[in-house]
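Hello,

Here is the structure I promised to pass on. My notes follow it; please read them with the model open.

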Amino acid sequence: MHIPDGFVSGTINSATAAISAVTLVLSVARVKQECTDKRFAVPLLATIAAFVFAAQMLNFPIGGGTSGHFLGAVTAAALMGPWSACIILSVVLVIQGLLFGDGGITALGSNILNMGIIGGILTYPIVRGIRAVLPAGRTGYFIAAAIASWASVMLASSFCALELALSGTSPFAVAFPAMAGTYAIIGIGEALITVAVLTAVAAARPDIVPAWARLEKTTQSGKMGKSVWGLAGIGLTVALLLAVLGSPFASKSPDGLEKVAEEKGFMAAGSKDKVVWQNILFPEYKIESIESGNISTSLAGVIGTIVVFGFGFGAIRFMVRIPAKTDNSAMK
Amino acid sequence: MGHGFIDRSSRLDSYVHRLDARTKIILSLLFVILEVSIPPRHLLAFVIYAGLLLWTVALSRVPLGFVLKRALMVLPFSALVALGLPFFRGGELIVFWGIPLSVTGLWMLAGTSIKSMLGAVAFILLVATTPFSRLLDGLRRLGIPMIFVDMLALTYRYLYILMDEATRLRRAAIARGYAPKWLPQAVIVGKLVGNLFIRSYERAERVYGAMHLRGYNGQIPTSASSWFPIHEKIGLVVIISILISVRLFIQ
């Protein structure tokens, strides 16, 4: 998901770089304010950044011989706090871009926004929100972490697709399915890993996990309560609404076949190209749009959402049992 | 353990190696910003930029194969995003082996591939000709806040150590019969990552203890300000004007 140079336009890069720079400065201010020993902050955050980098080396299988790797945004936020996580992930992205050519230097602002700010900071309210609905205790904590991890990967890839579309590089209808489809599955791996990491760390060093002390006091709930199903229902409804309303919007660019049909005169109704976004630096780039097949795309979106939701929900249920079984085996 | 240390060639000696880190940082950044802004159809401008870059690589005596191999890192993203463009983008079409391809899409694919490769090569060359400590010193002198420079320095210091740690963890897991095939087995990777986190955290505690004992007070000491040679300033202005005029006038 690291955007190289040349994919995002100068305007979008300047905008995302400005957002990222301001957020980073804010994050540094917040971390300085929050931490008890200020001198420990720099070596600690730097070592954890090196940890995120090393952890991204450990690939996990997706099936069919392909593999994905861990992103680490929600793990960093859960263990170090959202503002520290933003700094950590930014340092990782700078090193990856500067030293390893993984992610372009001009796209650094976009990459920090997608992975550092959205993954590290913006998923924190998601965790808070889910935990407010779920029963207190470890189960709720892990479910919230799992959903937030999946969301962090999905949001990051969606923002990536959005930036590509606004830059005129790739129409949203092409970039979004490619990105979101790939990362919907990688996100499941991310969720599994995040929960396993939190379990392992809580077992060996509960003092490191900020939320753990409070969780110890509350009663442990073994089974998923009714509110879980309520929350799942709300989530599914929102997702379906987005699928119905969003997918026709996302598919306004013609594909090659439609274009052929148009030119050969198969399509009776004429469709006109319209400049939605025109860039100052790239006068040749524009997004074409025509209206076609709204209902069928909505339907496809709905089916896709249900399949992904079912898979995700099943995976989370499968995963929630794991901490109880193998609580401290990882550390022995 | 055998890492392909990225700044392995940075201790070689050449004209490019001897330049001030600031000169190289400013030039690399400007080069990438300008080449990224070239419209895809201005082929001559790309050729001139690529020529200048390759000439610098030759001048630096860094093996071209090393640079190109590193730059291949950009390809997976291009494959995911850009490879489909000729099939989806509208506009003028050409038929190639019976498949209709969009001309705009093909230009877009070519443009993004060239731009991302040039950007990657430029920065790999910067790092390959500048030891990391001098690169950080250059960043600091160019006004990057100390806290970020210190953090980059320490991250780089522990990067390869923790990568070794991760490799050891994975090797131990494989020795115990870990051969993952399907997605739910990512849980086991999660346990390894959790273990790695604890080792990293405890290493940070030890490192901080050692730094504290040696008088660390929140600032890593750096050497006094260095002189920015006047001939480098002149050279910098000349190359910048070449890059800008190529970008503006060649189409």
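Helices (H or I, at least four residues) and strands (E, at least two) are DSSP runs, numbered from the N terminus. On that basis, chain B reads α-α-α-α-α-α-β-β-α-α-α-α-α along its sequence. That is eleven helices and two strands. Chain B is more spread out than a compact globule, because its radius of gyration is 23 Å, well over the 18 Å that the globule rule gives for 251 residues. (The radius is taken over C-alpha atoms; the rule is 2.2 Å times the number of residues to the power 0.38.)

Two notes on the source. This is a predicted model: local features need pLDDT of at least 70, side-chain atom pairs count only at pLDDT 80 or more, and totals for chains, interfaces and linings use all residues. Residues are numbered from 1 along each chain as its sequence is written, and chains are lettered from A and ligands numbered from 1 in the order in which they are written.

More on chain B. Its C-alpha trace spans about 65 × 60 × 30 Å along the principal axes. Buried residues make up 37% of its 251 residues. (Buried means 20 or more other C-beta atoms within 10 Å of the residue's own, exposed 12 or fewer, partly exposed in between; C-beta atoms are placed from the backbone.)

Next, where the chains meet. 77 residues of chain A are in contact with 76 residues of chain B. (Contact means C-beta atoms, placed from the backbone, within 7 Å.) Helix 2 of chain A gives the most to its side, with 16 residues. That side divides into 53 nonpolar, 15 polar and nine charged residues. (Ala, Val, Leu, Ile, Met, Phe, Trp, Tyr, Cys and Pro count as nonpolar; Asp, Glu, Lys and Arg as charged; the others, Gly among them, as polar.)

One residue to look at is A:G6. It lies in the segment before helix 1 of chain A. A:G6 is buried, with 30 other C-beta atoms within 10 Å. Leaving aside neighbours within four places in sequence, A:G6 is in contact with A:G104 and with residues of chain B, including B:V36 and B:G111.

Last, a helix pair. The axes of helix 4 (residues 82-100) and helix 5 (residues 108-133) of chain A come within 9 Å and cross at roughly 155°. (Axes are lines fitted to C-alpha atoms, for helices over the stretch in contact; angles run from 0 to 180 degrees between N-to-C directions.)

Best wishes

Note on methods: Two residues are in contact if their C-beta atoms, placed from the backbone, lie within 7 Å.
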